[in-house]
Every structure is written in C-alpha cells, then in structure tokens.
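Hi everyone, thanks for making time for this one.

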Amino acid sequence: MATTMMKHTHFKTLARRSFNSLRRVSTFPYLSQEPQLQDPTPTPLPPNPSTGSPLYQENWRNPYATHPHLNSLISQSLAPMGIAQPAAPSPKIQALSQTLDISSLLNVFADWMTSQKWADLKQLFEFWIRSLDKNGKPNRPDVNLYNHYLRASLMMGSTAGELLDLVAQMEDYEISPNTASYNLVLKSMYLADESEAAQKLLDRMLQTGKDSLPDDESYDLVIGLLFKMHNIDSALKYLDMTLKSGYMVSMRVFTDCVRTCVSAGRLDTLASIIERCKAMDQNKALCPSWNLCNYIADVALLADHSKLAFYALEFLARWIARGENAAPPVLLSVDEGLVVSAFGTAARTYDSKLVDASWAILQRSLRQKRVPNPESYLGKICSYASLGNLQRAFSTLHDFETAYGNSDEMDEELFSPFTSLYPLVVACTKDGFTTLDSVYYQLESLSRADSPYKSVAALNCVILGCANIWDLDRAYQTFEAISNTFNLTPNVNSYNALMKAFGRLKKTFEASRVFEHMTSLNVKPNAMSYSLLIDAHLANKDAKAALSVVDDMVQAGFTASKETLKKVRRRCVRECDADSDKQLQSLAGQFNLRMGGEKRREMLFQLEYNTDYQ
C-alpha cells in the first residue's frame with residue numbers, strides 16, 4: 001500500500017514537471033513574457049541657430065591663420081571638380097580675407113574687375129567665405145558678391161554645367177539666385193552654343209520668383225543663340241515675348257532677325273516685328289546697316305511686299321539724315337533704279353504711302369543737283385494712275401513736261417499715250433466717258449487758271465481713251481479742241497490717236513485722210529502711224545492695201561515689227577492671197593524675222609463641232 005502511494009506521488013510529480021516543460025516550449029510568446037517598463041522618449045533640442053554658411057558643419061571656430069592644413073583648405077574650394085585649383089594664397093589675400101566686410105570686398109572686386117584680376121578675385125572670395133567676421137561668425141556673402149564670384153569663374157573658362165553647380169551652392173548660404181546670376185550662366189551657354197539648355201534655363205527663370213525673371217539681357221542672349229543655331233521659330237517666339245514684356249532689343253539681335261527672316265523669306269513676320277519695334281519708344285531707333293537696308297529693299301520689291309519695302313526706304317532715309325548731320329558730312333544716295341522698282345511695286349499693290357516715300361527719298365538723294373530721270377517720272381505717273389489718283393498723276397505729268405518737254409533731245413516716246421503714258425490712258429477710261437469728260441473739263445479749267453496749264457500729252461491721253469471705248473465723237477471733238485480751245489498744235493501722237501479711233505470703227509478711208517492731212521502739215525509720221533494705218537486696212541480685210549503701207553513704211557526708214565507682219569500674213573492666208581503672202585515672206589527675210597507657222601491658230605478654224613453626245 002505504501003509502495004502504491006509512493007508510485008502515485010511520483011507520477012503526479014512527473015506530470016507536473018512535464019506540464020511545466022510544455023509551457024516553456026509553447027508557441028505563444030506572450031505566455032512567457034514578463035511585464036517591463038517602457039523607456040521615456042527624450043525631448044529634442046531646438047534647431048541649430050547657426051545657418052547661412054556650410055562652414056558651420058565643420059570646425060568653423062578655427063580661423064584660417066592658425067589652421068594647420070592650409071593647403072587642404074585651399075583644395076576645398078567652391079570650384080567644382082575638374083577646375084584647376086588655385087595656388088597657395090599670398091599674404092595679401094589672407095589679410096584681405098580676414099579684414100574686409102561685404103561693402104569693402106565689393107569695392108575691391110570692382111577694382112579687380114577693371115584690371116581683370118579674375119584669379120585673385122576668385123581666390124579672395126573662396127578664402128573670405130571661410131574666414132570669420134568681427135563677431136566671430138563665418139562670413140556670409142550676399143547675391144551681388146556671389147555674382148562677382150560667378151563672373152570670375154565665367155571669365156576663367158568655367159563651363160555652363162560648372163556654373164550651374166555654383167548657382168546650386170548658393171542655397172548653402174541661404175541666397176536666392178537673381179537674374180544676373182542666371183545671365184552669367186546664359187553667357188556661358190551662348191559661348192558653348194548650348195541652345196536647348198539655354199531655352200530650358202530661360203523657361204525656368206520665367207517660372208521662378210520675381211527676383212529671377214528674365215530681363216532684356218536674358219532674352220538677348222537666348223534669342224541671339226537661337227538665331228545663331230538657325231532655330232528661327234523658337235527665336236521668334238522669345239522675341240515676341242521680349243516685345244510683349246516691353247524690353248529693349250539689342251542691335252545685334254535685331255540685325256540677326258532681319259537677316260534671318262529675309263533669307264528665309266518670312267517677310268510678313270519681319271514687317272510685323274519692325275512695326276512693333278517702331279511703336280515702342282525703347283526700340284524705335286533700331287535701324288539695320290546701310291547695305292542690309294538695300295538688301296531688304298531688293299528682296300521686298302522682288303516679292304512685291306509694299307509694307308516691308310516702305311520700312312526699308314524709311315531706314316535708308318534715316319541713314320541719309322545721319323550722314324548729312326555727321327561731321328564731316330557723309331552724303332549717301334539711294335540708287336534711282338531702286339526707286340523706279342518701288343514705283344512699280346506701289347502700282348501693283350496700290351500703296352500710296354510707298355509712292356510718296358519713294359519720291360521723297362529720291363529727292364533727298366538728288367539734293368536738287370539734277371532732275372530725276374524720265375523713268376522715275378513715268379513710274380510715279382503709273383503708280384498714281386493705278387491708284388486712280390488722276391489729279392496727282394496729271395500733276396506729275398506737268399512736272400515731267402516741265403523737266404523734259406522743251407528738251408531738243410527729247411524722245412517722242414516719252415510722252416506717247418500708246419507706250420509710256422498708256423497706264424494714264426487706262427485710268428482715264430475706268431468709268432467710261434464719265435471719267436474722260438471729268439478729265440477733259442479739269443484740263444480745260446486749268447488752261448484758264450492764273451498760271452495756266454496746257455498739255456498736248458494730257459489731251460492725247462483723253463483722245464486715245466475715247467478711241468479705246470469706241471467713242472469717235474468725243475475723240476474727234478477733243479482733237480479739235482487742241483487747237484480751238486487750248487491754242488496748241490497737235491503732234492504726231494494726236495493724229496495717231498485719232499487714226500485709231502477711226503480704224504476701230506472700220507473707217508479706213510477717214511483714217512487714211514488723217515494720215516494724209518498729217519503729212520501735208522509736215523508732221524513726220526512715226527512707226528506707230530504706219531502700224532495704225534495697217535490695222536485699219538486689215539480691219540476691212542484688205543491685205544494688199546496693208547502690204548502697200550508696209551512697203552511705204554520700209555521706204556520711210558522704219559522697220560515693221562514682227563507682230564505687224566504676222567497680222568498681215570494671217571490676213572493673206574485667210575484671203576488665199578498667195579502672191580501677197582510670198583511678198584511678205586520675202587520682206588520678213590530682209591529683216592531677219594522668222595515668221596513661224598500658224599498651225600495652232602488654224603486649228604481653231606478646223607474644229608468640227610458635234611452635238612451628238614453619248
């Protein structure tokens with residue numbers, strides 16, 4: 001029994017031990033953890049009040065003079081890796097770095113910039129920012145002082161990337177870069193032709209604060225670089241922003257813009273830029289060089305761009321005025337052929353401002369030493385005739401007659417309504433007989449004025465205008481008024497205009513009578529007289545009579561034109577007059593004229609029209 005009790009007690013002891021051991025190897029860790037006290041979190045210190053210099057992160061309380069490793073401090077320059085480090089500083093640099101404040105240091109930098117001591121300036125700045133001020137604190141530069149350091153780095157050949165690294169280090173001194181800081185970087189990019197980086201930097205300046213917004217120098221550097229790299233669209237975009245911001249455009253950028261736009265054919269854009277510059281007080285004095293102004297005028301006139309041509313002439317007028325006011329005077333003159341071309345452009349584009357500007361600059365160039373050439377007068381007349389300004393056209397004709405009408409060597413074609421003055425004839429018939437009557441009555445009124453104006457050339461234009469509208473009555477009446485009303489003598493052009501009026505109405509007999517009357521008055525007919533008489537005979541389908549007039553024309557010493565001979569030959573072919581045709585071919589051979597065939601014209605008479613459409 002006792003043995004049984006001992007076994008039972010031993011069994012309970014083993015069970016208790018095994019239970020305890022099972023608790024110790026349990027997978028539930030919280031069963032075996034003991035309660036522990038949590039460590040209290042310490043209260044943090046306030047932030048370091050020493051800011052504004054990266055030197056606070058070092059042992060800044062050791063001054064330079066007592067530093068045991070001076071050369072190692074020199075090697076810790078602000079200059080990025082890759083730039084040659086300065087040599088050991090001179091005693092003067094060390095002394096200045098420990099005694100100067102910001103204002104005194106700026107004065108020293110100003111003197112050294114004048115003498116271009118860039119290495120000394122850079123070295124002094126690097127030592128100065130590692131020195132202590134009078135209060136025992138590291139020196140803190142401002143943005144102006146730091147910009148001097150950037151300029152010295154730029155002048156010593158630092159790249160744009162290195163300058164950007166220096167600009168980024170300005171944050172260590174709690175300095176915000178201003179516009180001048182970024183402009184120094186842009187100058188480096190301009191020298192290295194880094195156009196894309198320059199655009200990105202300019203866009204960054206536009207997005208930052210007001211202290212670093214781009215100014216006229218910023219835009220000038222970027223625009224000049226873009227024109228240099230032939231990136232016209234981007235350059236014009238920033239130039240537009242420059243003008244919208246009201247900044248001044250430099251002469252270099254303006255010249256590059258003019259030359260690039262002209263070469264690229266963007267004349268409308270160039271005219272718009274010039275117009276906007278003229279509207280601004282700070283840019284209205286911009287003017288390209290003399291040669292470039294002439295080049296602009298040539299290109300504008302070739303393209304019939306009247307607005308740009310006007311601006312080019314305006315620039316040329318400025319140069320003429322500058323030359324006259326110089327000491328000694330430099331007398332510049334515009335080529336008269338350029339002015340004649342300007343009159344042609346004004347006539348085709350109906351630009352009265354270009355007409356006035358062209359005549360004014362021509363008078364300024366001649367300086368009253370001689371009268372303009374006949375081509376200039378005729379160009380001005382043609383321009384006003386195209387504009388419909390008949391009053392000024394006839395006024396110019398009066399000046400033209402005053403200058404060349406009494407000359408013994410005058411060419412009769414100068415005042416011929418069939419050639420030189422034909423644009424004026426067309427203008428007189430713009431509204432038919434209404435315009436012709438108005439012109440005639442104005443001429444009649446001027447003939448009775450205090451200083452009377454009487455012109456046979458003007459009346460000839462009216463006669464030919466009447467002939468062009470098939471109005472024989474007005475043409476004949478105007479012809480008679482030359483002698484009866486105006487007390488003038490009709491010339492060969494007057495008779496020619498009347499002959500055309502009769503010939504148009506197929507009154508060949510009357511046209512021949514006019515020709516005979518002219519010769520009876522010892523008025524020598526010209527080539528136009530014979531041509532008009534030939535046309536009158538051809539209108540009546542009289543090829544033989546026309547060929548007879550051709551013979552008279554040759555005997556009189558004139559040469560029949562190829563156009564006249566072809567008209568006579570065409571009539572001979574249609575009338576089946578082989579003999580006359582053969583005679584005409586022989587005559588054309590004498591003048592070395594190749595008449596050619598009439599197959600293309602004859603095809604029109606051989607067309608067979610069919611109304612059966614399928």
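**The chain as a whole**

Let's begin with burial: of the 614 residues in the protein chain, 43% are buried. Please keep in mind that this is a predicted model. How many helices and strands are there in the protein chain? You can count 30 helices and zero strands.

For those of you who like surface terms, the accessible surface of the protein chain is about 34500 Å², and carbon and sulfur atoms hold 52% of that. As for contacts, take those in the protein chain with a separation of 6 or more: 66% of them join residues 24 or more positions apart.

Now to the annotation. In the model, residues 491-525 are 74% helix and 0% strand, with end C-alpha atoms 10 Å apart. Residues 526-560 are likewise 74% helix and 0% strand, and here the end C-alpha atoms lie 11 Å apart.

Last stop, the helix pair. Helix α5 covers residues 118-128 and helix α6 covers residues 143-155. Their axes come within 9 Å and cross at roughly 140°. Why call them oblique rather than roughly antiparallel? Only angles over 145 degrees count as roughly antiparallel, so α5 and α6 are oblique to each other. The crossing of α5 past α6 is left-handed. On the α5 side, the contact includes Trp118, Leu121, Phe125 and Trp128, while α6 brings in residues including Tyr146, His148, Tyr149 and Met155.

That's my tour, and I'm happy to take questions!

Conventions: Residues numbered from 1 in each chain as written. Predicted model: local features only at pLDDT ≥ 70, side-chain atom pairs only at ≥ 80, totals over all residues. Heavy atoms only, no water. Helix = DSSP H or I, 4+ residues; strand = E, 2+ residues; numbered from the N terminus. Buried < 20%, exposed > 50% of the residue type's maximum accessible area, 1.4 Å probe, protein only. Contact = heavy atoms within 4.5 Å. Areas by Shrake-Rupley, 256 points an atom, 1.4 Å probe, with all protein chains shown as cover. Axes fitted to C-alpha atoms, helices over the stretch in contact; angles between N-to-C directions. Parallel < 35°, antiparallel > 145°, perpendicular 65-115°, else oblique. Left-handed = near helix turned anticlockwise from the far one by under 90°.
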